[in-house]
Structure formats: C-alpha cells, structure tokens
Amino acid sequence: MSLPRLAARLVLGYVGAVEGAAALIRFRERTAAFEMAMERASALGRRLVVIGDPDAGLHTRLMRAYGCGDVCVDLNGCPRCPVTVVADITKGPIADIADDSAVVFVSCVFEYIAELDVALREVSRIAGSPENLFVVTVQPWTLTARLYPGAHWRGTVSSAATGQHVAMERVGLEEKLLVSGALGLALAAAFWPDRRR
C-alpha cells in the first residue's frame, strides 16, 4: 500500500473515531440534561416540554437518549410519545402552552431551524427564565455539525448560574462544500483502484 493511500486511510479512521466519540459524548449530554430537566420540572411542579421527536435523529433511532416529557412538540409529531403537539416553534406561540409555564428540553433541534431567533424566543417564552431551559447542541467542530442534511447552524451552549446561553453561527454553503470536498478527496485517495495490479 502506498504512503498517500495509507495516510488517507489513517486520516479517515481518525475522523470516524472522533465523530463516533462525539456522538457518544452527545448521547451522555442529552441523557444528563434530560434528567436535570425532569428534576427541575418536578421541583417546580411544571410540565416538561420536549422540543423535537426523541426518535427523529439517526443515532436516537438506535438507542433513545431521552424521553418524551409531559408534552412533546415536533413539526411532524412524535409517534411514540403519549402527548404530542404538532407545531412549528418558528410560527408563533404554540397552542395550549402558556407563557412561563414549563421546563423546556431541546436536543439538537436549533441546528436545523431556518429562523433561529424566532425559535429561541418561543422556547424562552414557554420556559420564562433561562434556568428552565435545557439545551444540547451538536458539537460545532464535528463533521456532523457541518454536513448533516438540513443543518443551518452550529454552536454551543454554555451554562451559568442564571441558566444556559445558546451561541450559534450559520453554516454556510462554502463551508459545506469545502468540508465535503476535502472528505471526498480523502476517500478517493484512500480507496481509488490501484492500476498496477
């Protein structure tokens, strides 16, 4: 095997290992944040509103990281959740969920919303204060954050005494093309047929 082919395969193996590790870390973050959200909702006597179908993601179909809460809000509904509200969090107040009435859990949803500011306002309206909002995002440095179909944003969530702060930046087409081009070149270098045989 040639040195460039070996190097390309090593790079791809490393990238695969990093993406897999990031998915495991995200799974743990989702589970922990959901537990904290349930405890907060129970302590305050509020409903726990989950934004996004817990089974909609590629990894979460294999193993669920969190549950449905008391109410699950999703564009297409949540087939396995007992109480589902079919709604778009960017289209105004969600029916039957009052201002400052719930603890809100959001996992890997903001990345795929075109109107992020509107969505943040709606979940803030429901939660009432940052202490009642629990958010998990895809790690911004991963390929998943840049290449997952429909991803518009990548960012982080930082925790403070006053709750969580969500900081997102747009994933541009140029960035998607650059990353997919580099990945394509690495795949070609690693697996291009050897004509010397």
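The model is predicted, so local features need pLDDT of at least 70 and side-chain atom pairs count only at pLDDT 80 or more, while totals for chains, interfaces and linings use all residues. Residues are numbered from 1 along each chain as its sequence is written, and side-chain values use heavy atoms, with hydrogens and water left out. Helices (H or I, at least four residues) and strands (E, at least two) are DSSP runs, numbered from the N terminus.

**Cysteines**

- The structure holds 1 disulfide, a term for a pair of cysteine sulfur atoms within 2.5 Å.
- Cysteine 68 and cysteine 81 form this link, with an S to S distance of 2.1 Å, and the angle of -80° about the S-S bond makes the link left-handed.
- The pair links distant parts of the chain, 13 residues apart, with cysteine 68 in the loop between helix H2 (58-62) and strand E2 (71-74) and cysteine 81 in the loop between E2 and strand E3 (84-86).
- Buried means under 20% relative accessible area, exposed over 50%, and partly exposed in between, with a 1.4 Å probe and protein chains only; cysteine 68 is buried at 10%, and cysteine 81 is buried at 8%.
- Cysteine 108 is in no disulfide, and the nearest cysteine sulfur, that of cysteine 72, is 14 Å away.
- Cysteine 108 counts as buried at 10% relative accessibility, and cysteine 72 counts as buried at 0%.

**Strand E2 and its partners**

- Two strands pair if DSSP finds at least two bridges between them, and strand E1 (residues 47-51) runs parallel to E2, joined to it by 3 bridges.
- E2 also pairs with E3 in the parallel sense, over 3 bridges.
- Isoleucine 51 stands opposite valine 73 in E2, whereas aspartate 74 stands opposite valine 86 in E3.

**Helix H5**

- Helix H5 (residues 173-191) has 19 residues and reaches 27 Å from its first C-alpha to its last, close to the 27 Å expected at 1.5 Å a residue, where the expected span is 1.5 Å times one less than the number of residues.
- The buried residues of H5 are Glu175, Lys176, Val179, Ala186 and Ala190.
- These residues cover an arc of only 105° around the axis, which puts them on the same side of H5; the arc is that of the directions from the helix axis to the C-beta atoms.
- The face of H5 turned away from the buried side carries the exposed residues Leu173, Glu174, Leu177, Leu178 and Leu185.

**Rings and charge**

- A search of the whole structure finds 4 aromatic pairs, in which rings of Phe, Tyr and Trp (its six-membered ring) have centres within 6.5 Å, and planes under 30 degrees apart count as stacked, over 60 as edge-to-face and the rest as tilted.
- The rings of phenylalanine 34 and phenylalanine 105 have centres 5.3 Å apart and planes at 75°, so this pair is edge-to-face.
- The pair links distant parts of the chain, 71 residues apart, with phenylalanine 34 in helix H1 (residues 3-44) and phenylalanine 105 in strand E4 (residues 102-107).
- Phenylalanine 34 is buried at 6% relative accessible area, and phenylalanine 105 is buried at 0%.
- Ring pairs link Phe34, Tyr66 and Phe105 into a cluster.
- The charged end of arginine 170 sits over the ring of tryptophan 153, 4.3 Å from its centre, a contact that requires NZ of Lys or CZ of Arg within 6 Å of the ring centre and within 35 degrees of the ring normal.
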